[in-house]
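Student: Could you take me through the aromatic rings of this structure with care, and look closely at how they pair?

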Amino acid sequence: MSDKVVLAYSGGLDTSVAIRWLKENYKLEVIALTIDVGNERDFSAIQQKALKVGAVKALVTDAKELFVNYFVFPALQADAIYEGQYPLATALARPLMAKLLVDTAVEEGASAVAHGCTGKGNDQVRFDVGVNTLAPALKIIAPAREWGMTREQTINYAQRYNIPVLITAASPYSIDENLWGRSIECGVLEDPWVESPEEVFTWTKSPSEAPNKPHYVEIGFDKGIPVTVNGQKMDGVSLIRRLNELAGRHGVGRIDHLENRLIGIKSREIYEAPAATVLLQAHQALEAMTLSKEQLRFKQKVAVEYADLIYNGLWFTSQHQDLAAYVNSSQRFVTGTVRLKLFKGSCSVVGRKSPFSLYNYGLATYDKGDEFDQSASPGFIHIWGLPVKTQAQVQGVGGLGEEFKE
Ligand code: ARG
């Protein structure tokens, strides 16, 4: 019996060609593993295709709940958004896939795992670092990084071996989808000056065609985890699906980003992330109400670190474990409800409430019922400004432009 490799199989061109290529070039039996992270595909068709193309076994794993509970929601609690724009859908799914690849390799007695990533992207790093960390003895094969074929040559290879090809000249995009978002690359998008054509979007309506009436939605959070929509309790997977549909219908969640890849190139990426856009905004609004100013400031720094480590393939690290502990602790009072308005591509927070709110009406109001002791302010200001005044008297006034000096 020949040796085995477990291939992360999407059913697309590259991974289908990879089944054949691995057999031919490595003389390995290929076990195709398709991981359902909410990409709404016909998984039995994908399974059939894997077998037809030459896999000895085709497995499908429903990983939606694992994905949401252990990857998406912790990232939401952390407010992880790469470069302030990308909610990290693709990046978050990779470490989970690496883990499932490793588990399957152990179960099936395979000596290698394989994935369809090229040598130019971030995903290869996420897969390889993940697999290497979890199972250093496993060999990793990335056919698309090795075979040196152009897209056209890959299509020719597929045709030669009767591998069904779905990509047409009209749809030259590379797409990755899961519950947290849809990532679109290639084709005309590679010109950063060109507006992305309407055809790349499938989850979101064009804002100009979205309903003319705003839609209000209320999201309830428990310790930073979204648990209700309009008061109705929902499990994570259903809640995200519901919001993808609802916000998508109002054109919310389109992102056009020119992003810094880990391997040093800038690339133009289009994302559709309706649920992520709504939930991240709602979560931040609730944190603004329930966390102190210092907690918020520090947490923003943690959010940048957290997003970078997810993006850069460092999920299985001690640094992650330590940041996650901070984030988790920070969420103990992030409970309450946020009301948002979805309207023609925009999503705005219009209300928030929490049993742990730090907003104090008596302190904030300018109406009667004001409890703030205004007579205490001059003393506070005197001490606050003391070092400023002292320095200016010795070293001159800083921050005063030439135009104000004679
Ligand atoms: N740039 C994003 C990331 O690195 C998305 C990659 C999406 N991959 C794709 N095949 N379209 O996370």
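This is a predicted model: local features need pLDDT of at least 70, side-chain atom pairs count only at pLDDT 80 or more; totals for chains, interfaces and linings use all residues.

Tutor: A pair of aromatic rings is described by the distance of the centres and the angle of the planes. In this model the count comes to 10 aromatic pairs. One of them joins Tyr82 and Tyr311, whose ring centres are 3.6 Å apart and whose planes meet at 5 degrees, so the pair is stacked, since planes under 30 degrees apart count as stacked. Tyr82 lies in the loop between helix H3 (64-77) and helix H4 (89-108), while Tyr311 belongs to helix H10 (residues 293-311), so the pair ties together parts that are 229 residues apart in sequence. Tyr82 counts as buried, at 5% relative accessibility, and Tyr311 is buried as well, with a relative accessible area of 0%.

Tyr82 and Tyr311 form one aromatic cluster together with Tyr86 and Tyr271, and the charged end of Arg126 sits over the ring of Tyr311, 4.9 Å from its centre. Elsewhere, Arg254 lies over the face of Phe201, at 3.7 Å from the ring centre.

A second stacked pair is formed by Phe380 and Trp384, with 6.2 Å from centre to centre and 20 degrees between the planes. Phe380 and Trp384 are 4 residues apart in helix H13 (residues 377-384), and are therefore separated by about one helical turn. Whereas Tyr311 is buried, both Phe380 and Trp384 are exposed.

Terms used:
Residues are numbered from 1 along each chain as its sequence is written. Side-chain values use heavy atoms; hydrogens and water are left out. Rings of Phe, Tyr and Trp (its six-membered ring) pair if their centres lie within 6.5 Å; planes under 30 degrees apart count as stacked, over 60 as edge-to-face and the rest as tilted. Helices (H or I, at least four residues) and strands (E, at least two) are DSSP runs, numbered from the N terminus. Buried means under 20% relative accessible area, exposed over 50%, partly exposed in between (1.4 Å probe, protein chains only). A charge sits over a ring if NZ of Lys or CZ of Arg is within 6 Å of the ring centre and within 35 degrees of the ring normal.
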